Amino acid sequence: SRSVSSQCGESTIVVQVKTDLFGTGQVISPTDLSLGDCALLIFEAELHSCGSALTMTGDQLVYSFSLIYKPTLIANLPIVRTNGAVVGIECHYMRKYNVSSNALKPTWVPYTSTKSAEDLLGFSLSLMNDDWSSQRSSNVFYLGDVLNIEASVTQANHQPLRLFVDSCVATLVPDQTSTPSYSFIENKGCLTDAKSTGSSSQFMPRTQDTKLQMKLDAFRFYQDARSSIYITCHLKVTPASQSVDWGNNSCPFKLAWR
């Protein structure tokens, strides 16, 4: 029978190892085992931890781990009775389908509102193509894809303005107060997704005061078959001449829109 078995979950891997790893009757010490750079005294690990490698094919996301056995001396004597070994472990996930086998289709309805001041201000959110030159023609994304999100404001004849984002939340229905929800920008511009999940989500360098751009790794909600995702962001503007301070950006780390 197998000496090593693994179970891949939604976001974790569980590894089980028999004490007779080689089937020779020689019992190994658990302290001689590691999963990548993680000690294997705890047999459950996050998929993105322990030195795992993520690869992507047309249909699958594959997380690869190395179970490492390095025998230590027996009772401090200069002998060992087993050889070292490395066991490859992989978790495969279908990239283009969720739990209900439907393509993941975040619904994106461009949002525009106006606010009366000296002039009308038009705020908008857009999904952009890879080079940010135009809006994306499709609103269908797969796990492993990246959403290019651009926030902008049209200021007509208004004094020069600088756009900021306070918060963004994803929900399964248009109501931003619904459950479940995932707040991926908080605290007046903090991109918490990258810090909390270790994703590659990031802000792009600002090129215009009236535009903000970010890359957001695609995701779905845990154990929910619904495939539409709604994103709601709270945007605001300040005079472009006003310096950026913590009143307009109070993110305690560097992943912030400025």
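A disulfide here is a pair of cysteine sulfur atoms within 2.5 Å. What you're looking at is a predicted model, where local features need pLDDT of at least 70, side-chain atom pairs count only at pLDDT 80 or more, and totals for chains, interfaces and linings use all residues. Numbering runs from 1 along each chain as its sequence is written, and side-chain values use heavy atoms, with hydrogens and water left out.

**View 1. C38 and C50 are joined by a disulfide.** Their sulfurs sit 2.1 Å apart, and the torsion of -100° about the S-S bond makes the link left-handed. C38 is in strand β4 (residues 38–39) and C50 in the loop between β5 (44–46) and β6, so the bond ties together parts 12 residues apart in sequence. Strands are DSSP runs (E, at least two residues), numbered from the N terminus. C38 is partly exposed at 23% relative accessibility, while C50 is buried at 6% (buried is under 20% relative accessible area, exposed over 50%, partly exposed in between; 1.4 Å probe, protein chains only).

**View 2. C8 pairs with C91 in a disulfide.** Here the S to S distance is 2.0 Å. This pair links distant parts of the chain, from C8 in strand β1 (residues 4–8) to C91 in strand β8, 83 residues apart. With -85° about the S-S bond, the link is left-handed. C8 is partly exposed at 33%; C91 is buried at 0%.

Notes
Helices (H or I, at least four residues) and strands (E, at least two) are DSSP runs, numbered from the N terminus.
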